[in-house]
Amino acid sequence: MGIKMAREEYIDKVIELIEPFGIRLSADDFYLEFVIESTIQDILNFCNLKEIPKELEHVIVRRVLAKILDFKLQTSDADSINIEKGIRSITEGDVSISYDTSLDRGVLLSKFIKDGLNYGTDNLYSFRDFRW
């Protein structure tokens, strides 16, 4: 299974991943610690485990990221969160990228958050230990 990620590593990873969205968090941010702890506990409860396997660490990070973005979106406006338009197509020869301008920022952000809140459910089922 390898070495498990410590709580501080979750904090560092989330801070690193959320910065491109224009959100600045610090390692001692109460809300960040709370979301990490509650997400870990939710997964432990769902899977009936005593500790998080290394293979589920990415699920925690992605869900924490989505929860924080959702909180920021609910408590401020979508314009305060940086997000680019979705990519419609990529052409490899002479590299060309076209963006989907039909979706607005709020729709893109909402879809990203929704996907993140439910991210890794199939992984959770593979680690779930049923109680009898």
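Contact here means heavy atoms within 4.5 Å. The model shown in these views is predicted.

**Figure 1. Overall layout of the predicted protein.** The protein has five helices and two strands. Read from the N terminus, the order of elements is α-α-α-β-β-α-α. Of the 132 residues, 31% are buried. Contacts between residues at least 6 apart in sequence were also sorted by separation: 67% of them join residues at least 24 apart.

**Figure 2. Surroundings of Ile18.** Ile18 lies in helix 1, which spans 7–18. Neighbours within four places in sequence are set aside here. Beyond them, Ile18 is in contact with Ile23, Leu25, Leu65, Ile68 and Leu69. Ile18 also belongs to the largest nonpolar core, where it is among the residues with the most contacts.

**Figure 3. The largest nonpolar core.** This core holds 28 residues. Those with the most contacts inside it are Ile18, Leu32, Ile43, Ile52 and Val64. Four helices each supply at least two of its residues: helix 1 (7–18), helix 2 (30–47), helix 3 (57–75) and helix 4 (105–117). Helix 3 gives the most, with eight residues.

**Figure 4. Helix 1 against helix 2.** The two axes come within 10 Å and cross at roughly 115°. The crossing is right-handed. From helix 1, the residues at this contact are Arg7, Tyr10, Ile11, Val14 and Ile15. They meet Leu32, Glu33, Ile36, Glu37 and Ile40 of helix 2. By class, the contact comprises seven nonpolar residues, three charged and no polar.

**Figure 5. Helix 3 along its length.** Helix 3 contains 19 residues. From first C-alpha to last it reaches 27 Å, close to the 27 Å expected at 1.5 Å a residue. Its buried residues are Glu57, Val59, Ile60, Val61, Arg63, Val64, Leu65, Ala66, Ile68, Leu69 and Leu73. The charged residues Glu57 and Arg63 are thus on the buried list. Leu65, Ile68 and Leu69 are also contacts of Ile18. An α-helix has 3.6 residues a turn, so residues three or four places apart point the same way.

**Figure 6. The loop between helix 2 and helix 3.** Asn48 is found in this loop. Its phi is near 55°, a positive value in a residue other than glycine. Most residues other than glycine have a negative phi.

Conventions
Residues numbered from 1 in each chain as written. Predicted model: local features only at pLDDT ≥ 70, side-chain atom pairs only at ≥ 80, totals over all residues. Heavy atoms only, no water. Core = buried A, V, L, I, M, F, W, Y, C linked by side-chain atoms within 4.5 Å. Buried < 20%, exposed > 50% of the residue type's maximum accessible area, 1.4 Å probe, protein only. Axes fitted to C-alpha atoms, helices over the stretch in contact; angles between N-to-C directions. Left-handed = near helix turned anticlockwise from the far one by under 90°. Expected span 1.5 Å × (residues − 1).
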